[in-house]
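Below is a short briefing for someone meeting this structure for the first time.

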Amino acid sequence: MKRIFLIMSILLTTALVSQAQQGLKINQIFGGRYVSDPSVTETMLSGEQRFLRSHKLTTFATFKGDAKTYTSIIQPLVLADGAHAKGRNVRYREGKLQYAFFVLPSIESDGKKINRYLYYLNNEGTKRPSVMVIYFDGRITPDGASSLIKQLAK
C-alpha cells in the first residue's frame, strides 16, 4: 500500500511540474529520466510546501549532474527556451554557456498570471565539474527571482 501511494505521489508531482513547464524544452530533463546516474540530483516541489509559499512559488525544480555528461544535452535545451525569454542575463566562457538567467513568458493558470524563470550554471572549471538547471514559477517578481537565486548560491 505504501509503495502504491509513493508511486502515485511521484506521478502527481511529475504531472504538476510538467504542466508548469509546458512547452519548454527543459521539461525533457525532469521527471526521473536520469535518476539511474549517481551523479544526478533532481528535486521537484509543488503544492503546499513552506519553501514555495515563502517565496510566492507554485513550482520549483532542480537538476544537477556531471558537466562532462550533461552539458551537451542540457545547454541546447536551455538556449532554446531562453530564445523566447522576456529578459536575460547570459555569460559564455570558451564558447560554452557558463551562466544564464532567463525571465520566460508568463502563463495563465486558474485566471492567475504565473511568472516563469530558468537558471543555468556550468561549473566546468571546479574540482567536481557539474551543470545545474533550476526552473521555478509563481507570483514571484523578477527582482524576487534574482534574490532567490542569490540566496541559493550561498
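Buried means under 20% relative accessible area, exposed over 50%, and partly exposed in between, with a 1.4 Å probe and protein chains only. By that cut-off, 38% of the 154 residues in the protein chain are buried. The model is predicted: local features need pLDDT of at least 70, side-chain atom pairs count only at pLDDT 80 or more, and totals for chains, interfaces and linings use all residues. Residues are numbered from 1 along each chain as its sequence is written, and side-chain values use heavy atoms, leaving out hydrogens and water.

**Overall build**
- The protein chain has four helices and six strands, taken as DSSP runs numbered from the N terminus (helices H or I, at least four residues; strands E, at least two).
- From the N terminus on, the order of elements is α-β-α-β-α-β-β-β-β-α.

**Nonpolar cores**
- A nonpolar core is a set of buried Ala, Val, Leu, Ile, Met, Phe, Trp, Tyr and Cys residues joined through side-chain atoms within 4.5 Å.
- The largest one has 23 residues, and Ile 74 and Val 78 have the most contacts inside it.
- At least two residues of this core come from each of strand E2 (57-66), helix H3 (67-82), strand E4 (96-109), strand E5 (112-122) and strand E6 (130-138).
- Another core, of 15 residues, lies apart from it and includes Leu 57 and Ala 145.

**Thr 62**
- Thr 62 lies in strand E2 and counts as buried because its relative accessibility is 14%.
- Beyond its neighbours within four places in sequence, Thr 62 is in contact (heavy atoms within 4.5 Å) with residues including Phe 30, Glu 42 and Ile 134.
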